[in-house]
Amino acid sequence: MKVGLVLGAGGVVGAAWLIGALEALASETGWDPSSADHVVGTSAGSVVGALIADGIAPEYLAAYTGGRTLDEVEDVDGRVARLAARVGGPEKLDQVAERLSGDELKLQLAPPPIGPGSWRLAINTLRHPRRHAPSAMLAGWLPRGFVSTAPISALIETFVVGEWPDHPNYWAIAADYRTGERVAFGREDAPRATVGQAVASSCAIPGFYHPVGVEGRRYVDGGVCSMSNLDLLAGQGLDLVICLNPTSSMAEIAGGTPAERVGGLVRGMSGRRLGREARKLRDEGTELLIVQPTDEDVAGMGINLMARGRRVEVMERARQTTALALRDLRGTGQLMPERNRRAPGRRVRRAVRAERAVRRAA
């Protein structure tokens, strides 16, 4: 079975939900997400996707996000030891784990962000409004962001040894800040970038993060084009595509405050876009497994998707709600990923890389 994995956008809170949902998916099915034939991540999904694509298991991401140390993680297959060796030892890994939540924010040294961040994008969306999502139209007019993406790049480059994850088809989705077009870093037709540059580009929320330069062009958050970008896997000949999308929901969004109504509107827009993208894959015969936050998840996630204080609670709830949802699907005919084990070839490559990391640390 050829399987694709799509991880949607959603800020710090969305990343926590993704980690919890992925841990439940792996636990309930016995499937290793890093074995997916394609891994596509947008914004927060690009961060989690890069780590998954490089072989870091969801349960380890969950442990780190929850503040646990290596001593509290059961190392069944030796992956924790190899990961520790890769970054310079267990103590170093625990220090790095504390940064997984992205708490470090640094101001980008640049002229004051006055006026539209991208005049070209603003004018381009006015000329061709039907070619762009409403979020892309807004992105051009927002002031340039003032927060550096350097901590995001540093985090990814600490975990991922080399310029790109050890995966043939990991794509980090960003938006060209001049044209608004989608760019799938890691695909053959995309500009060449390191994984740190690609993930930082995918996470560069307009008006908040400073855009990221790659080969003379500037890039911003891939969520500007789509919060899911599921349709990028159309035509890839996959049997099953699993999509985890933190910003949409099948739950009825009810709320009386203006912020709650805006949140419901955003989730509705994300869900409609996801539905259109899903039809493209279903029309070509690809099976889909779409996992979205439940009403319990939505209530716990709140409106501010950058609220770091919620991440542990959100992750733990996502683990529970996703596990229950997957159990409810048993016997319904829903295609599930097959239980698998990591390919020997990848294990050998990782052992070699871990050994090299130990030598460098020594």
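Modeller: A search of the whole structure finds 4 aromatic pairs. This is a predicted model, in which local features need pLDDT of at least 70, side-chain atom pairs count only at pLDDT 80 or more, and totals for chains, interfaces and linings use all residues. Residues are numbered from 1 along each chain as its sequence is written, and side-chain values use heavy atoms, with hydrogens and water left out.

Colleague: Why is the pair of phenylalanine 146 and phenylalanine 208 called edge-to-face?

Modeller: Rings of Phe, Tyr and Trp (its six-membered ring) pair if their centres lie within 6.5 Å, and planes under 30 degrees apart count as stacked, over 60 as edge-to-face and the rest as tilted. Here the centres are 6.2 Å apart with 65° between the planes, so the pair is edge-to-face.

Colleague: What makes phenylalanine 208 partly exposed?

Modeller: Buried means under 20% relative accessible area, exposed over 50%, and partly exposed in between (1.4 Å probe, protein chains only). Phenylalanine 208 has 26% relative accessibility and therefore counts as partly exposed.

Colleague: Why does serine 153 count as buried?

Modeller: Its relative accessibility is 15%, so serine 153 falls under the 20% limit and counts as buried.
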